[in-house]
Amino acid sequence: MTAAAAFFYLFASVTVASGFMVIASRNPVASVLFLILAFVNAAGLFVLMGAEFLAMILVVVYVGAVAVLFLFVVMMLDVDFAALRQGFQQYLPVGGLIGAIFLVELLLVVGSWTIDPNLVQAPLSNVAASENLTNAQALGRVLYTDYVYFFQLAGLILLVAMIGAIVLTLRDRPGVKRQNIAVQNVRTQSMAVETRKVPSRQGVEV
C-alpha cells in the first residue's frame, strides 16, 4: 500500500465516522465539532485528488465561517433540544420513506459508477498544463482575466446583501444608553467633577 492510498483510507474513514457522529451525537455542540472534523478530512481528500483550491475553500469558508457560526449560535441560544425531540415518532414514517428513497438513489449511483483505468492523476486545465501552473494559480488567472467583471459583480452583490442584513436587523431603541464620542471628547473637569465644601458634621444636600 502506498502512502497516498494509506492517507486516502485514513481521511475517508474519519470523514464517514465524523458524518455518522454528526447525526448520532446527542449534544449539538459535539455534533458541530464532528462536522468540523468531517470538513477538515474532506479537505484532505481534495488535496489527494489534486484540487487544492477546493480544499482551501472548504477549510476557509465552511470550517472558518459556517461551522464556527453554527457552533456559536448553538452555544449562545441555549435551545431546549429535549422539547424539540418531542413528537419525533409522528414524523418517523415520513422520515423513513425519505431515507429509503435516498438509499435507493445511492445504491443506483454506486451500482452504475465505474472508474476509468486510464485515469492516473487528476487532469489539469489547458492553462495549467501549458504553463506548468497549479490549479489554484490557473483558476485565479482565469477569474481575474476572463471573468473579472462577473467576479467583481458577485462581490458587490455580497456587499449589498451584508449591508441589507445589517440595516434590517439594526433597531433604534430609545431606552438604551449609547456612547456619543463627540460629547465625551469635549468633556472638561468642570463638567465631570463638582467640588463642594461640606461643613463639619453635616451631609451633602442633593
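How many helices and strands does the secondary structure of the chain come to? Colour by secondary structure and count: 10 helices and 0 strands. Keep in mind as you look around that this is a predicted model. Read from the N terminus, the elements go α-α-α-α-α-α-α-α-α-α.

**The whole chain**

Of the chain's 206 residues, 12% count as buried. If you draw contacts between residues at least 6 apart in sequence, 48% of them join residues at least 24 apart.

**Stop one: Ser18**

Select residues 3-24, which make up helix α1, and pick out Ser18 within that helix. Is Ser18 buried or exposed? Ser18 has a relative accessibility of 3%, so it counts as buried, the cut-off being under 20%. Now show what surrounds Ser18, ignoring its neighbours within four places in sequence: Phe34, Leu37 and Ala38 are in contact with Ser18.

**Stop two: helix α2**

Next, select residues 28-48, the 21 residues of helix α2.

Ala38 ties back to the previous stop, as one of the contacts of Ser18.

Step past the end of α2 to Gly50, and check its backbone: phi is positive there, near 90 degrees.

**Stop three: the second largest pocket**

For the last stop, select Phe53, Ile57, Ala136, Leu139, Gly140, Leu143, Tyr144 and Phe151, the residues that line the second largest pocket. The space inside this pocket is about 200 Å³.

Which helices each supply at least two residues of the lining? Show α3 (52-77) and α7 (135-143) and you have them. Of the elements involved, α7 gives the most, with 4 residues.

Finally, colour the lining by residue class: 7 nonpolar, 1 polar and no charged residues.

Methods. Residues are numbered from 1 along each chain as its sequence is written. This is a predicted model: local features need pLDDT of at least 70, side-chain atom pairs count only at pLDDT 80 or more; totals for chains, interfaces and linings use all residues. Side-chain values use heavy atoms; hydrogens and water are left out. Buried means under 20% relative accessible area, exposed over 50%, partly exposed in between (1.4 Å probe, protein chains only). Contact means heavy atoms within 4.5 Å. On a 1 Å grid over the protein atoms alone, a cavity is a set of points where a 1.4 Å probe fits but cannot get out, and a pocket is an open set with protein on both sides within 12 Å along at least five of seven lines; lining residues have an atom within 4 Å of a point. Grid points are joined across faces, edges and corners, and a volume is the space filled by probe spheres set on the points. Ala, Val, Leu, Ile, Met, Phe, Trp, Tyr, Cys and Pro count as nonpolar, Asp, Glu, Lys and Arg as charged, and the others, Gly among them, as polar. The expected span of a helix is 1.5 Å times one less than its number of residues.
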